[in-house]
Amino acid sequence: GVECVLFNEEYMTCTWGSRETLTANYSLYYWYENRSPVVECKHYLQDRGISVGCRLNQSEIIQFQPFHVLINASLGGRTLEIPSERMQLQDLVKPEAPINLTIRNMSNNQLQLTWTSPYPKAQCLEHAVKYRSNKDTSWTEHQVKGNVFSLPSVDYEKYYTFYVRSKINSYCGSTQLWSEWSVPVVWGSNSTSKGTAEEQLHWFWIHTVLIPIASCLLLLVLVILLVRMERVWVILMPRIPNPSKNFDELFITHNGNFQEWAGVPKDVVESFKPNYSENICYVSELPPKESYEPLWESSNHPPSVMPGALAAPHEHSPYKNSYVGV
């Protein structure tokens with residue numbers, strides 16, 4: 001069989017297979033009912049030398065006229081004619097995907113999605129919008145008559161992805177041929193942009209390429225400046241040394257022993273110690289004269305008295321009638 005598709009009313013292709021399935025040489029003839037003579041295809045679609053289809057330019061297309069196709073298959077000197085069913089070209093239109101998707105913030109947490117279509121008869125189109133948030137597991141799809149879609153409520157903690165596609169409505173044809181899905185547009189807190197796909201690409205390069213590179217360069221410059229400023233501050237304002245750490249060993253390791261901490265030799269320390277001793281001198285008060293008993297009664301020899309050791313007491317002296325012995 002032959003499958004014909006009219007792309008955006010700009011050109012039409014009629015295909016009948018692929019190189020892997022074809023074993024004969026094929027040629028295509030077409031005509032419009034009660035309108036024109038039979039015409040052979042002028043632009044065959046080739047796959048490695050095998051004709052697999054035909055392309056008709058816009059000047060060769062007439063809508064709302066019954067369209068007929070005849071295929072001739074030649075193999076081994078024999079020719080087989082394969083006629084197709086009558087076609088209505090207005091039912092074979094496949095529009096081009098919508099472009100210029102734009103999202104606008106409306107009041108009351110509402111979003112408005114708009115787009116344009118390259119198809120020349122916008123009034124003949126109906127559209128489908130599908131979207132989901134980063135928290136959803138499935139897509140939500142809505143049929144839209146015009147080129148405006150409103151999302152009544154959005155969560156600003158999420159980000160949303162939107163697609164749009166188009167097809168001919170029932171007023172202009174009877175078809176189930178949808179266009180391809182458009183380039184997506186993204187909106188939300190974590191999206192790269194809140195506008196058209198071209199703006200998203202622009203912001204993608206800024207966020208993923210320019211900003212990281214600029215951040216690294218800025219960090220490198222700050223590190224260099226910090227190192228240089230540290231040297232300048234050390235030169236202009238040298239730090240005051242803190243001697244407390246130098247005495248930690250004196251009190252912790254040597255328990256306050258300065259000579260041991262200072263490393264003074266033991267012979268030097270011993271040389272400063274005193275090498276003499278003093279005798280103890282006792283001083284006592286003699287008893288009164290009446291009860292005086294010589295201290296040498298127990299001895300055969302009286303003690304010797306140093307000259308001047310015994311002096312006459314002064315009349316007013318507190319040591320009257322007393323002797324001082326040394």
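What share of the chain's contacts with a separation of 6 or more comes from residues 24 or more positions apart? The share is 56%. Keep that in mind as you look around this predicted model.

**Whole chain**

Start with everything shown. The chain has 326 residues, and 28% of them are buried. Colour by secondary structure next. The chain exposes about 23,700 Å², with 56% of that supplied by carbon and sulfur atoms.

**The disulfides**

Three disulfides are present. Number the bonded cysteines in sequence order, and the pairing reads 1-2, 3-4, 5-6.

Select C4 and C14. Their disulfide has an S to S distance of 2.0 Å. The link is right-handed, with 115 degrees about the S-S bond. C4 sits in strand β1 (residues 3-7) and C14 in strand β2 (residues 11-15), 10 residues apart. Are these two buried or exposed? C4 has 5% relative accessibility, so C4 counts as buried. C14 is buried too, at 1%.

Move on to C41 and C54. Here the S to S distance is 1.9 Å. The torsion about the S-S bond is about 100 degrees, so this disulfide is right-handed. C41 lies in the loop between β4 (39-40) and β5 (44-47), while C54 belongs to strand β6 (residues 50-57). The pair therefore ties together parts that are 13 residues apart in sequence. Both C41 and C54 are buried.

Next, pick C124 and C172. Their sulfur atoms are 2.0 Å apart. Which hand does this disulfide have? The torsion about the S-S bond is about -70 degrees, so it is left-handed. Each partner sits in a loop: C124 between β12 (110-116) and β13 (125-133), C172 between β16 (159-168) and β17 (185-188). They are 48 residues apart. C124 and C172 are both buried.

Now click C216. At 54% relative accessibility, this cysteine counts as exposed.

**Last stop: Q143**

Select Q143, in strand β14 (residues 140-144). Is Q143 buried or exposed? Its relative accessibility is 54%, so Q143 counts as exposed. Which residues does Q143 touch, leaving aside neighbours within four places in sequence? Show E126, H127, A128 and W178: Q143 is in contact with each of these. Finish by drawing a line from the C-alpha of Q143 to the C-alpha of E126. The two are 7.5 Å apart in space and 17 residues apart in sequence.

Terms used:
Residues numbered from 1 in each chain as written. Predicted model: local features only at pLDDT ≥ 70, side-chain atom pairs only at ≥ 80, totals over all residues. Heavy atoms only, no water. Helix = DSSP H or I, 4+ residues; strand = E, 2+ residues; numbered from the N terminus. Buried < 20%, exposed > 50% of the residue type's maximum accessible area, 1.4 Å probe, protein only. Contact = heavy atoms within 4.5 Å. Areas by Shrake-Rupley, 256 points an atom, 1.4 Å probe, with all protein chains shown as cover. Disulfide = S-S within 2.5 Å.
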